[in-house]
Amino acid sequence: MTGTFSRVGVVGLGTMGAGIAEVLARGGLPVVGVEVNPDALERGRGHLERSTGRAVKRGRLSEDARREILDRVALSVDFADLGDCDLVVEAVPERLDLKHRVFAELDRVCRADAVLASNTSSLSVTDIAVATGRPTKVVGVHFFNPAPVMKLVEVIGTVLTEPEAVERVAALARDLGKTPVTIGDRAGFVANRLLFGYLNQAAHMLESGHATRDDIDAAMKDGAGLPMGPFTLMDLIGLDTCLQVLEAVYAESRDRRHAPAPVLRELVAAGLLGRKTGRGFYVHDGQERAAEEEAAAPPTVGVLGTGPLADAFAARCDGAGAQVRTAEAGLGECDLIVECAQDAETGRALLAAAAEAAGDGAVLATASGPVIERAMATGRPGDVVGLHLPEADGALAEIAVTVATGPGVADRAEGLARGLGLTTVRCRDRAGFIVDALRFPYLNDAATMLGAGYADADAIDAAMTLGCGYPSGPVADLDRLGLDRAVTVLRALYEETRDPAFAPAPLLEEHRAARRPLR
């Protein structure tokens, strides 16, 4: 039984609102769930019954416990039934005019000492609060979907909110077994502000023709270790919701990273909203199938250069049963020669020497970019591709094609890489390839947030691990991947695009210069 509030109301019993009501009832609280009409109320009842029913089938609830939870939720279409609640959580659709109407009604029926909370994921809590007669009692309480499962709750206080109201809501979240992150009122808060900048950049990347939808999704899942790729995730969230969040954040930040990609607007205008409509970036009819790739025999590989990447690549070749050559005398026998030098000048020289020694039909590859500069230095640029491992010991290889790459060379490179047990994706020769081009701007956004003092490292990492299901948080990722690498990639992206969002955050530059991790 929670001790901060004795009775809680929930307005709006869609998927999210019903999930919040379930979480509260699971915590032993009496809950009043309110909807706009009987049909909506029955849909809300259905959400509750299906969610708790799934928990029983999975062995996470007994049938008796399920019945107790459902019995704690009183359903109503009358706002007056919220009059005895200590806390009311609004969970209606993300429209400011609608939320204003709801809070005006709550002002009318709720006790003067009741705390009113909005589960908004993108709108300003301040804008909601100032439309009430009790702005000091209004907080944001952002649960993540599915609310019974996800551990993170963002608790948002405005400049008007009484500290006690924020503290009581955060304590309630803890009592419910959640991890509260208390922050100020900023569009998107922590998780959505970081997540949707990355998702939007992926949409821009697709639209520019840099890489295909499937390759971008595979790169971020297999190369960056994320639970799913950006297009799979956007379809799951709903493209209309993605557009709403981006527009809300962009209205505040005016940051180009949050200006919605035209392809996203186009899909929403066409009513193609993702899983809920059967089509978005993907067609959700069960007919799409990933192409099966034939296993290839291990090639003979030349590995040039020194350092961790060269060592890791040679180890992968050895583990795949490939013959490895590291001396110029043996390069004529190689199917694939990969340059893994630690600096550009050495890389150009090594690849040029390899081109002299390599036989006809050999694929020449560089593990870093820009690929075209190294390719032109070889005298045989048609045989050169980028072959980048986002994680030195990972199983993903990004094959980058330049304007000079010859017909069929990228196909041969992919086949040879698969012979080494690597999963391959293809992209154009651009800074960061796919994974780093999406990963490091997202990490840079987190460093900017940390440097601004909006949230601390623990809160930022918790937002992404507990709120988005990421295997690790962005601050931890920056320290793991290294600030040198982060700054190098970001500078390359900035030089290529001149987009201020890609300029390394001052905090990154400072810690890199001091040789100190962010934590």
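The model is predicted, so local features need pLDDT of at least 70 and side-chain atom pairs count only at pLDDT 80 or more, while totals for chains, interfaces and linings use all residues. Residues are numbered from 1 along each chain as its sequence is written, and side-chain values use heavy atoms, with hydrogens and water left out.

I start with empty space. Rolling a probe the size of a water molecule over the atoms shows where such space is left. On a 1 Å grid over the protein atoms alone, a cavity is a set of points where a 1.4 Å probe fits but cannot get out; a pocket is an open set with protein on both sides within 12 Å along at least five of seven lines; lining residues have an atom within 4 Å of a point. Volume here is the space filled by probe spheres set on the points, which are joined across faces, edges and corners.

How many cavities of 30 Å³ or more does the structure hold? One, and the largest cavity has a volume of about 60 Å³. Its lining has ten nonpolar residues (Ala, Val, Leu, Ile, Met, Phe, Trp, Tyr, Cys and Pro count as nonpolar), and no polar or charged ones. Among them are I20, L24 and F143.

The second largest pocket holds about 1,000 Å³. It is lined by 36 residues, and A367, S368, H388, R485 and T488 lie nearest its centre. By class, the lining divides into 17 nonpolar, eight polar and eleven charged residues.

Now salt bridges, meaning a side-chain nitrogen of Lys or Arg within 4 Å of a carboxyl oxygen of Asp or Glu. The whole structure has 38 of them. R193 and E252 form one, at 3.1 Å from N to O. This pair links distant parts of the chain, with R193 and E252 59 residues apart. Is R193 buried or exposed? Buried means under 20% relative accessible area, exposed over 50%, and partly exposed in between, with a 1.4 Å probe and protein chains only. R193 is buried at 9%, whereas E252 is partly exposed at 41%.

D240 and K276 form another salt bridge, at 2.8 Å from N to O. Those two are 36 residues apart, and K276 counts as exposed at 52%. Salt bridges that share partners also join E391, D436, R439, D477, R480 and R485 into one network.

How values were computed: Helices (H or I, at least four residues) and strands (E, at least two) are DSSP runs, numbered from the N terminus.
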